[in-house]
Amino acid sequence: KIIYTHAPVHKEGRHWCKKGHCRVKTEYNIYIKRLTVTTMTSNSNLSTMRRLVEQLKLEASVERIKVSQAATELQQYCLQNAGKDALLVGVPTGSNPFREPRSCAVV
Amino acid sequence: MYWICSKSMATQELQINESLAHLKTESESLKTKLEEERAKLHDVELHQVAEKVEGLGQFVMKTRRTLKGHGNKVLCMDWCKDKRRIVSSSQDGKVIVWDAFTTNKEHAVTMPCTWVMACAYAPSGCAVACGGLDNKCSVYPLSLDKNENLAAKKKSVAMHTNYLSACSFTNSDMQILTSSGDGTCALWDVESGQLLQSFHGHAADVLCLDLAPSETGNTFVSGGCDKKANVWDMRSGQCIQSFETHESDINSVRYYPSGDAFASGSDDATCRLYDLRADREVAIYSKESIIFGVSSVDFSLSGRLLFGGYNDYTINVWDVLKGTRVSILFGHENRVSTLRVSPDGTAFCTGSWDHTLRVSSSFSFSLFSVISLSPEVLLTHCVFFFFFFLQIWA
């Protein structure tokens, strides 16, 4: 955990970090975000809760199909397009645009 | 008089508290109902359906080009539709447009801010968009004249209240979709800079987004620090579906090529595949030996392979249908921060904190050419494959 001796100052998006190793997602940033989230949920007012309930009702009413059917269709798409997939089957060496021009007969 | 006012206020407060509790119980019951509905349709696993499919065997991926020129960590990259140009952005504020075939730098722009976390190429190839800690998304039109100062023609499009984490052009050059650390995504008109639609629903920073692949598609998926991946309708601004099975921040989301599913990569070291029509997670790609988070994911053209860039400096390639790892690529000297497959699927490019970008493709091994090899070359190849398989089984 990064410990700060003073509160970071937000100046145009910059924030003070320990030892100059500035990771955007610093532990402090995450900590502050989680603090904001907990305060928000504990002070949740009626309108937020109503919106949440409406959202859940919307999600519950989504039309769903069985996983077996969805999986079969994903598999079908893969197999149909497998021939065109250069990363899967490889391309004839002459037509690979990224091949380095070499005289070696490998590949 | 005062006593009557305070009494009515007290009863009002009591009513609010009661309805709040009522709404809370309702939301809890709706959540359990949603889980039950999803579980009812979970009759089989994806890898069980794919048992009859031929296995892929082990793959070898080889780095074809190394793009050197950034002075600091590469944070984001994007391919141009011409399958040749790449735009990349880094921590030092530089945005560079490369020609991946020749490794030449075509354009370079210095942004006024550091940590340019998002960059995107316009579908026409005539502009790039980028943004980061400046909370803005700026569009730079690319001119053919190499001496022209690109920074002069900069156009500020998006304004957020926190850092810009991802941006993407929609099907045309005219609209940009952005996601930000302030927890929202937004759709902007490039010409006027106007906000067309905003998407609220994430409870923490939104780290990534991806547009649905179809021409007429108007949905996109976003993932955030609240461990949720949300699918949104671009026209109404509504969240249509939400998935919360990851155990940590979702760093990257990518649609399956058919548009019916999407994959996500997270700090919990797993990649997961979610099917949109079954409305649930259908596969997890993880191994006990992999403990570092995934920073970026992308599918190959057919959707059979899932590439994941990890924080342990490697790229793992997964068989999407069977759930097994088919290849591991080393080469970067620091964590892989971004990974994209080229538009025609011939290669993929990875950017890393070691200041370089690498373009890699699969290494096909033809038996005919082995026979024509000289003994020394054959021996070195045998040694290479021996060490390679040793690493796979380790």
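Modeller: B:R277 is partly exposed, with a relative accessible area of 25%. The model it belongs to is predicted. The side chain of B:R277 meets that of A:E73 in a salt bridge, with 2.6 Å from N to O. A:E73 sits in helix α3 of chain A and B:R277 in the loop between β20 and β21 of chain B, so this pair joins two chains. As a general point, side chains of opposite charge can pair when their charged atoms come close.

B:D279 and A:R64 form a salt bridge through their side chains, at 2.7 Å from N to O. B:D279 lies in the loop between β20 (271-275) and β21 (280-285) of chain B, while A:R64 lies in the loop between α2 and α3 of chain A, so here again the pair joins two chains. Both B:D279 and A:R64 are buried, which puts each of them under 20% relative accessible area.

The rule finds three salt bridges across the interface of chain A and chain B. Over all chains, the search of the whole structure gives 18. One that lies within chain B is the pair B:E37 and B:K40, whose closest N and O atoms are 3.1 Å apart. These two residues are both in helix α1 (residues 2-40) of chain B, three residues apart, or about one turn of the helix. B:E37 counts as partly exposed at 26% relative accessibility, whereas B:K40 is exposed, with a relative accessible area of 60%. Salt bridges that share partners also link A:R64, B:E35, B:R38 and B:D279 into one network.

Now the interface as a whole. In it, 56 residues of chain A are in contact with 84 residues of chain B. The area buried between the two chains is about 6200 Å², and carbon and sulfur atoms give 66% of it. On the side of chain A, the residues that lose the most area to chain B are A:R64, A:L87 and A:F98, which together account for 15% of what that side buries.

Polar contacts between chain A and chain B come to 13 residue pairs, both residues being at pLDDT 80 or more. The elements of chain A that give two or more residues to the side touching chain B are α1 (27-42), α2 (46-60), α3 (67-81) and α4 (86-89). The largest share, twelve residues, comes from α3(A), the helix that holds A:E73. By type, the residues on this side of chain A divide into 29 nonpolar, ten polar and 17 charged.

Last, chain A itself. Its secondary structure comes to four helices and zero strands. Of its 107 residues, 35% count as buried. The accessible surface of chain A is about 7300 Å², and 57% of that belongs to carbon and sulfur atoms.

Key. Residues numbered from 1 in each chain as written. Chains lettered and ligands numbered in written order. Predicted model: local features only at pLDDT ≥ 70, side-chain atom pairs only at ≥ 80, totals over all residues. Heavy atoms only, no water. Contact = heavy atoms within 4.5 Å. Buried area = accessible area lost by both parts, 1.4 Å probe. Salt bridge = Lys/Arg side-chain N within 4 Å of Asp/Glu carboxyl O. Polar contact = N/O pair within 3.5 Å; in protein donor to acceptor, adjacent residues only side chain to side chain. Nonpolar A, V, L, I, M, F, W, Y, C, P; charged D, E, K, R; others polar. Buried < 20%, exposed > 50% of the residue type's maximum accessible area, 1.4 Å probe, protein only. Areas by Shrake-Rupley, 256 points an atom, 1.4 Å probe, with all protein chains shown as cover.
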